[in-house]
Amino acid sequence: MSIKLRYLLVFIIPAMLLYTVFIIYPLFDSLILSFFSWPGVGSRTFVGFKNFQTLFTGSYAKELFNAFLHNVYFFLLLILLELGLGFLIALMLASKIKGAGVFRVITYIPNMIPLVLVGFMWGLFLNPQVGLVNQLLKLVGLGGLAQPWLGLENTALTTIILVNVWRNLGFYVLVILAAILDISPDLIEAAYIDGANNWKITWRIIFPLTFSTFRTLAILLFIWSFNIFDTVYALTGVQAGPYRSTDVLGTLFYRTAFGGLGSGAVDMGLGASVTVFIFMIVMPVSILYVYLVEKRQRSA
Amino acid sequence: MLKLSLFGKIMVYILLAVYCLVILVPFFMMILNSLKSMRDIFMKPFSFPTKVLYDNYTKAWNQAGIGTGYKNSAFVAGVSVIGILIVSSMFAYAISKYEFKGRRFLFVYSMLGLAFPARLAIIPIFILLRNLTLTNSLFGLILIYTSVNIPFSVFLLKNFIDGVPNELSEAARIDGATPMQIYWKVVLPLVKPALSIVAIVSFVNVWNDFFFPLIFINDKSKATITLAVSIFFGEYSNQWPLLFSGLTLAIAPTIILFLLFSRQFITGMTQGAIK
C-alpha cells in the first residue's frame with residue numbers, strides 16, 4: 001500500500017527519534033570522544049591517537065591484553081558449554097519423554113534472575129570458609145577439593161564463567177529445542193525405517209538442519225562475550241581480583257571511565273577508546289548478524 | 001523425535017533430574033538460609049533452621065529498601081513498556097504494511113541496535129542525560145530503556161504484522177479508514193499475542209538491568225531493585241541471613257511472573273533473539 005508522507009512520518013518519527021538520539025548518536029559520539037582527553041567536566045582536549053597509544057603500547061597495554069584474552073576465554077568456554085550442553089539437553093527434551101513441559105519451565109527459571117543478583121547469590125555460596133559449595137564438598141567427603149574458588153588466580157575466571165552458564169544455559173536449551181522441533185517428524189521417521197540409529201540421526205539429520213540456529217547463537221555469544229560485566233562486578237568487583245585474573249574489557253572500561261578504588265586517573269576519553277576497541281572487535285560479527293537477519297526477512 | 005530404548009529413557013530422566021537439581025537446589029538453599037540465624041547458617045548450612053526467623057525478611061525489607069526498589073523498578077519498567085509498545089508497533093506497522101522509498105534501509109538501521117550493545121555508548125549517553133538534567137532520574141532511565149528495546153520489539157512486531165493479510169487493511173482503506181485507524185482498529189487487535197510477548201520480555205529486561213542504574217542513579221531513594229540489593233550487599237556484607245532474605249525478596253517478583261506466564265516468556269525470549 002502507499003501512504004501519504006505526513007502519515008508515514010507520524011508512525012516513524014517517535015521510534016526513530018528516540019533510537020537515533022539515545023543509541024545511534026551516542027555510539028558515534030563514543031568514536032569521536034576516543035580522540036579526546038576529558039575528565040568528565042570542563043572542555044575536551046583533542047589528543048589524536050594518544051588514547052589508543054596508551055591502550056595498545058602504553059601503560060594500559062598489559063591490562064588491555066590481559067582483559068581481552070579473558071573475554072576470548074569467556075567466549076570459547078561459553079561456546080563449548082552453552083552450545084554443547086544446550087544441544088545435549090535439547091535432544092533429551094525433544095525425545096518422547098513425559099513431563100518435557102515441566103523440565104522446559106524449570107530450565108528457564110535462572111534466566112529470570114538479574115545477572116548481577118545471580119552473581120551475588122553465588123558469591124555467598126562460593127565463600128571459602130562458610131560457603132555452601134565447600135561445605136557440600138566436605139559433607140560428601142571431598143573436603144580436599146574445597147578451595148577459595150574466587151580467590152585463586154587459576155580458578156576464579158572459570159568459576160565466574162560457570163556461574164554465567166548456570167544462569168544462561170536454559171536460554172540456549174530452549175532456542176535449540178525450538179529448532180529441533182521445527183524439523184519434520186516424517187524425515188526422522190523415514191530415517192528410522194531406513195535403519196538409521198539415534199547417533200546417525202543426530203549428526204546426519206538433526207545437527208545439519210539446526211546448524212543455522214547454532215550459527216546465530218555463536219554470533220550472539222561472541223557479541224555478548226565481549227560485553228560481560230555484571231557477573232564479574234558482583235563476584236570479584238571492578239578491580240577484577242585476584243590480581244586482575246578475572247578482568248574483562250567491561251571492568252577495565254568501568255575503571256578507566258568511572259574509576260573505582262585504586263584505579264588511575266579517570267578519563268572519559270580513554271574510557272571511550274576502550275569501548276571503541278570492543279566495538280571494533282564485535283563489528284564484523286555484528287554486521288554478519290544484521291546481514292543474516294535481513295536475508296531471512298527477505299526470503300520469509 | 002528421537003526414540004529411546006527403556007535404558008535410554010531411564011538415563012535421560014536421570015540426567016534431566018540432575019540438571020533440575022543443579023538449578024533448583026541453590027534457590028532452595030537461598031530460601032532455607034534466609035530463615036536462619038547467622039550461627040545456623042555457618043554451623044548447619046544444610047539443615048532446617050533451629051528456629052525460623054521470619055524477622056530476617058522484615059529487616060532486609062527495611063534496610064535494603066526493597067519496597068522503594070520494587071516501586072522504582074515497577075514504575076520504570078511499566079512506563080518503559082508502554083513507550084516501547086507504542087513507538088515500536090507504529091514503526092513496525094509502517095515498514096511492514098506500506099511501500100515507500102527507504103523502507104529497507106529503515107529496517108536495517110533499526111536492527112543495528114540488536115548487534116551493537118548500547119553499553120558501548122554509555123559515556124555519551126551519560127553526557128546526553130546530564131545535559132538534559134536527567135541523570136539520577138527515573139525518567140532518564142525510562143528514555144534509555146525505551147530506546148534500547150526498540151530494535152528487538154520492532155523486529156518481533158514486524159514479523160507478526162507481516163503475517164496480517166493485506167486484504168484486511170486494503171478493505172478498511174476502501175471503506176475510508178485513515179492509516180491511523182487501520183493501525184489501531186485492524187492491525188493491533190490482530191497482533192495482540194505479539195504485543196504481550198514484547199511487553200513481557202521488555203518488562204523483564206528492564207526490571208533485571210543493573211548497568212544503567214549503576215551509572216546513572218546515585219540516590220538511594222531512586223535505586224531500582226538491582227541497584228538497591230547491590231548497595232545492600234556492599235553495606236551489610238557480613239549479615240548473611242539478611243543478604244539471603246534480601247536476595248529472595250528481590251528475585252521473587254520475576255520468578256512468580258515467569259511461572260504465571262511461562263509460555264509467553266519462552267516464545268518471546270527465544271524468538272526475540274533468534275528469528
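Which residue has its charged end over the ring of B:Phe211, and how far is that end from the ring's centre?

A: That's B:Arg119, whose charged end is 4.7 Å from the centre of the B:Phe211 ring. To count as sitting over a ring, NZ of Lys or CZ of Arg has to be within 6 Å of the ring centre and within 35 degrees of the ring normal.

Some ground rules before going on. This is a predicted model, where local features need pLDDT of at least 70 and side-chain atom pairs count only at pLDDT 80 or more, while totals for chains, interfaces and linings use all residues. Residues are numbered from 1 along each chain as its sequence is written, chains are lettered from A and ligands numbered from 1 in the order in which they are written, and side-chain values use heavy atoms, with hydrogens and water left out.

Back to the ring. B:Phe211 is buried, with a relative accessibility of 3%; buried means under 20% relative accessible area, exposed over 50%, and partly exposed in between (1.4 Å probe, protein chains only). B:Phe211 also belongs to one aromatic cluster, whose members include A:Phe229, A:Tyr233, B:Tyr145 and B:Phe216.

Rings of Phe, Tyr and Trp (its six-membered ring) pair if their centres lie within 6.5 Å, and planes under 30 degrees apart count as stacked, over 60 as edge-to-face and the rest as tilted. Take A:Phe56 and A:Phe277: the centres are 5.4 Å apart and the planes at 70°, so this pair is edge-to-face. It links distant parts of the chain, 221 residues apart, with A:Phe56 in helix α2 (residues 50-56) and A:Phe277 in helix α13 (residues 268-299), both of chain A. Helices (H or I, at least four residues) and strands (E, at least two) are DSSP runs, numbered from the N terminus. A:Phe56 is partly exposed at 42%, whereas A:Phe277 is buried at 15%.

Our own ring has a partner too: A:Phe229 and B:Phe211 have centres 5.0 Å apart and planes at 75°, so they are edge-to-face. This pair crosses between chains, from A:Phe229 in the loop between α10 (211-225) and α11 of chain A to B:Phe211 in helix α12 (residues 211-216) of chain B. A:Phe229 is buried as well, at 3% relative accessibility.

There's another charge over a ring: A:Arg44 lies over the face of A:Trp38, 5.3 Å from the ring centre. A:Arg44 makes a salt bridge with A:Asp29 too, with the closest N and O atoms 3.8 Å apart. That bridge joins distant parts of the chain, 15 residues apart: A:Arg44 in the loop between β1 (36-37) and β2 (45-46), and A:Asp29 in helix α1 (residues 5-33), both of chain A. A salt bridge is a side-chain nitrogen of Lys or Arg within 4 Å of a carboxyl oxygen of Asp or Glu. A:Arg44 is partly exposed at 31%, while A:Asp29 is buried at 7%.

The structure holds 10 salt bridges over all chains. In one of them, A:Arg255 meets A:Asp247 with the closest N and O atoms 2.8 Å apart. A:Arg255 is buried at 3%, and A:Asp247 is buried at 0%. Together with A:Glu63 and A:Arg244, these two are linked in a network of salt bridges.
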